[in-house]
Every structure is written in C-alpha cells, then in structure tokens.
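Subject: Structure for you to look at

Hello,

Here is the structure I promised to pass on. Please open it alongside this note, and my findings follow below.

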Amino acid sequence: MSLDVSPALLEQAERGEVDEAQFVDCVRTSLPFAWQMISDLVARLQVDGGDFADNTTPPPDEQARGQLLRALASDAIRGALERHFGVKLAFQNCHRVAVFPLGAESGATHTRFTSIRNQILNQSPELRDC
C-alpha cells in the first residue's frame, strides 16, 4: 500500500471532498523517507540558491527506495508535494531527484536535466534493477 490513509481522510474521499493539507500530511507520515529527502532538497535550494538542488545518494534500503518511487510515480502525490513546497520536482532514476523553482520547467537547466540524453548519461549498471 502506498499510503496509510486514515478513516477520516477515506471518508472525505468517499464524499468527494479531500482537504489537500490533510492529504499532504498523509503523504508526510506514510512516506517519511521521501518527504525528508524532498524537504531537505527544498531547504538546500532556498539556502544555496542556484538553478536546482538534487540528490545523488541512493536510498539506504529497499523500503526507502520504494517510498521515493511511490511519491514520484503518483501524479496526485507528486502534484500535491509540488504545490505544498512551491517547487517543480524532476526524477531521473531510483534516487536522482531534483527540485527546481516554479517556472524553471521552461528553462534550459530543467530541460537539460529531464532530457533523454541526460537520462541515458545518468545510468549505471548498479542502478539497473533499482
């Protein structure tokens, strides 16, 4: 299961109304490794500035890797995280996550990061089955 959904949040969804802040809190508590990684990247971007902040360290275990994949593979989760943190997320493989300032997705740095060429260049045999 991707998220530990509370009965109250499930009830909201069944009624058709979901409070995004409660959904984001559900993501935070359900996927703590992914939340912490993204939070740290956002803080680094805010403090250091620059075009983006990214992570190049593989997750410590399969549980952490799974959290990261679930957070970034879900359009709903990814979109809620982007809105919450006010960033654009980019994802190359099982751990290469980057945060860009909003609006950067039309810029050269984001285009280069998300290009087919960079996807190929960011591959390695160790990551083949991540």
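A word on burial before anything else: a residue is called buried under 20% relative accessible area, exposed over 50%, and partly exposed in between (1.4 Å probe, protein chains only). Please keep in mind that this is a predicted model, in which local features need pLDDT of at least 70 and side-chain atom pairs count only at pLDDT 80 or more, while totals for chains, interfaces and linings use all residues. Residues are numbered from 1 along each chain as its sequence is written, and side-chain values use heavy atoms, with hydrogens and water left out.

Let me start with the strands. Helices (H or I, at least four residues) and strands (E, at least two) are DSSP runs, numbered from the N terminus. Strand β3 covers residues 97-101, and because four of its five residues are buried, the rest of the structure largely encloses it. Strands count as paired if DSSP finds at least two bridges between them. Strand β2 (residues 87-91) runs antiparallel to β3, with five bridges between them, and F91 sits opposite V97 of β3. Strand β1 (residues 53-54) is also antiparallel to β3, joined to it by two bridges; here A53 has V99 as its bridge partner.

Now for the charged side chains. A salt bridge here is a side-chain nitrogen of Lys or Arg within 4 Å of a carboxyl oxygen of Asp or Glu.

Within helix α1 (residues 7-15), E11 and R15 are four residues apart, which means about one helical turn separates them. Their closest N and O atoms are 3.1 Å apart in a salt bridge. E11 is partly exposed at 46%, and R15 is exposed at 51%.

The salt bridge between R83 and E20 has its closest N and O atoms 3.0 Å apart. R83 belongs to helix α5 (residues 75-85) and E20 to helix α2 (residues 20-30), so this pair ties together parts that are 63 residues apart in sequence. R83 is exposed, with 54% relative accessibility, whereas E20 is partly exposed at 34%.

Finally, R44 and D54 form a salt bridge at 3.8 Å, N to O. Because R44 lies in helix α3 (residues 32-48) and D54 in strand β1, the pair ties together parts 10 residues apart in sequence. R44 is partly exposed at 35%, but D54 is buried at 16%. R96 joins R44 and D54 in a network of salt bridges.

Best wishes
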